[in-house]
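Q: I would like to go through this structure with you, beginning with the overall fold and then turning to single residues. Shall we start?

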Amino acid sequence: MPTSPCVRTLLQTGSLSLLALVAATSMASAGGFDIHEQSTVFMGSASAGSAAGGSLGSMFWNPASTAQFSGLNTESSYTLILPYGNIDIDSPVPGSSGNIGIDATSSSSYGAYQFAPDLWLGIAITSPFGLATKPENTFYPGSYLGVTSKLLTVNANPTIAYRIAPGITIGAGIQIEWAQGKLQFRDPTTSIAQFGGTDWAFGATAGITIEPTAGTTIGLGYRSQMTHDLEGSFSSEAITGGTGVPAVGTIDLPDIVTLSLRQVMTPTTRLLGTVQWSNWSRFKDLTLSAGGSELGIQANWDDGWFFSVGGEYDYSPTLTLRGGVAYEISPIDDATKRLVQIPDNNRVWLSVGASYKWSDAITLDVAYSHIFIQDGGIDLYSPLGPQFGEYTGTVEASVDLFSVGMRTRW
């Protein structure tokens, strides 16, 4: 049976997104190794209003946002991530890592089609979690805790949304996520111990959008927890004699709940707000099972919280300006929980953005964010066990984000 042009466009959107996502994400640009920048539009408002609609990228936080626009609509965003992180080890031997951040890109794409007056289908292709770090000085003392670390996720999220009554829309979806991980640290022989593996995991999304009065939109979205058992191999001169052995690395990813408000203040001005909870307390450790033995990198993180407020202003019929500020409570609140691969702490986001309506069919988006990350300490043991040393020191980090995007009505 021939495929309709609308469905073909949705499939093409997904295929192009998968190709664009085959790029390393850099040092995590949100609490833990969550990636907030899933839409250029919402990056410009520091994610304020992200689950309450306004652009199709809202689907990431709330699948009910699939039902925002009539006909066929698509949106794509591409973000350049410029991270900085430095780790100073004080004990047992002093030394500095140099910048551990790796410049990288991330992208996301969305498509939605109205199949009936109250029914929409959509798809989102994103990278919800990611990490890539490598110290400039790979022989600094902290290399016994970690050298190169990478996590890449590609998430396909088909969604359905249904308007059950005027002003009330519900949505749901499934998550199909592929992950690839790599972890290196220096073993007692000074050689590099290395693990690499891949895995598929499955989850769900759900949400609701309510418009209690004209000009007021409240969105509540949920993304389910997932666990990746990365299957691959592990090699170490000290442990396996340099031979690769089958290994499994387990990563527990959090549930995420997002509540957002979009409030029209004047015909040209909108107030935006978001509160987000991430169940990072699931991430107790990174367990690596290899050759009948288990290695564990302890984390014992707490839950993460994100608060943002922002606004949009229509400067002209073709130009919209936006900005926002956010405060993020990191799941890492203690030096014993701060991994050298993830030098995270509480954060402040400052964001600006703009959209230009090129034509009735095409809107172009740009955004910039700077993330101030609070300095913190580390107090960690070697992945091989306490008998191989306790490492203490301090970390500092920051991130710059540049994003461009395009929205299309077909």
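Q: For contacts between residues at least 6 apart in sequence, what share joins residues at least 24 apart?
A: The share is 68% in the protein, where contact means heavy atoms within 4.5 Å.

Q: Before we continue, what kind of model is this?
A: This is a predicted model, in which local features need pLDDT of at least 70 and side-chain atom pairs count only at pLDDT 80 or more, while totals for chains, interfaces and linings use all residues. Residues are numbered from 1 along each chain as its sequence is written, and side-chain values use heavy atoms, with hydrogens and water left out.

Q: How many helices and strands are there?
A: The protein has 2 helices and 20 strands. These are DSSP runs numbered from the N terminus, with helices being H or I of at least four residues and strands being E of at least two.

Q: Which radius of gyration does the protein have, and what would a compact globule have?
A: The protein has 22 Å, which agrees with the value near 22 Å for a compact globule of 410 residues. The radius is taken over C-alpha atoms, and the globule rule is 2.2 Å times the number of residues to the power 0.38. Along the principal axes, the C-alpha atoms fill a box of roughly 65 × 45 × 30 Å.

Q: And what percentage of the residues is buried?
A: Buried residues account for 54% of the 410. Buried means under 20% relative accessible area, exposed over 50%, and partly exposed in between, using a 1.4 Å probe and protein chains only.

Q: How are the charges arranged?
A: The protein carries 18 positive and 34 negative charges, and their mean positions are 10 Å apart. Lys and Arg count as positive and Asp and Glu as negative, without His or the chain ends; each charge is placed at NZ of Lys, CZ of Arg, CG of Asp or CD of Glu.

Q: On to Arg270: is it buried or exposed?
A: Arg270 belongs to strand β13 (residues 269–278). It is buried because its relative accessible area is 12%.

Q: Which side chains make polar contacts with Arg270?
A: The side chain of Arg270 has a polar contact of 2.8 Å with that of Glu312, and another of 2.8 Å with that of Asp314. A polar contact is a pair of N or O atoms within 3.5 Å; within protein, one must be able to donate a hydrogen and the other to accept it, and residues adjacent in sequence count only if both atoms are side-chain atoms. Beyond four places in sequence, the contacts of Arg270 also include Val264, Met265 and Thr320.

Q: Where is Ser330 found?
A: Ser330 sits in the loop between β17 (319–329) and β18 (347–357). Ser330 counts as buried because its relative accessibility is 5%. Its side chain forms a polar contact of 2.7 Å with the side chain of Asp344. Leaving out residues up to four places away in sequence, Ser330 touches Asp303, Asp344, Asn345 and Asn346.

Q: What about Gln68?
A: Gln68 is in the loop between α2 (40–43) and β1 (72–91). At 26% relative accessibility, Gln68 is partly exposed. A polar atom of its side chain lies 2.9 Å from the backbone oxygen of Ser65. Apart from residues up to four places away in sequence, Gln68 touches Gly53, Gly54, Ser55, Leu56 and Ser58.
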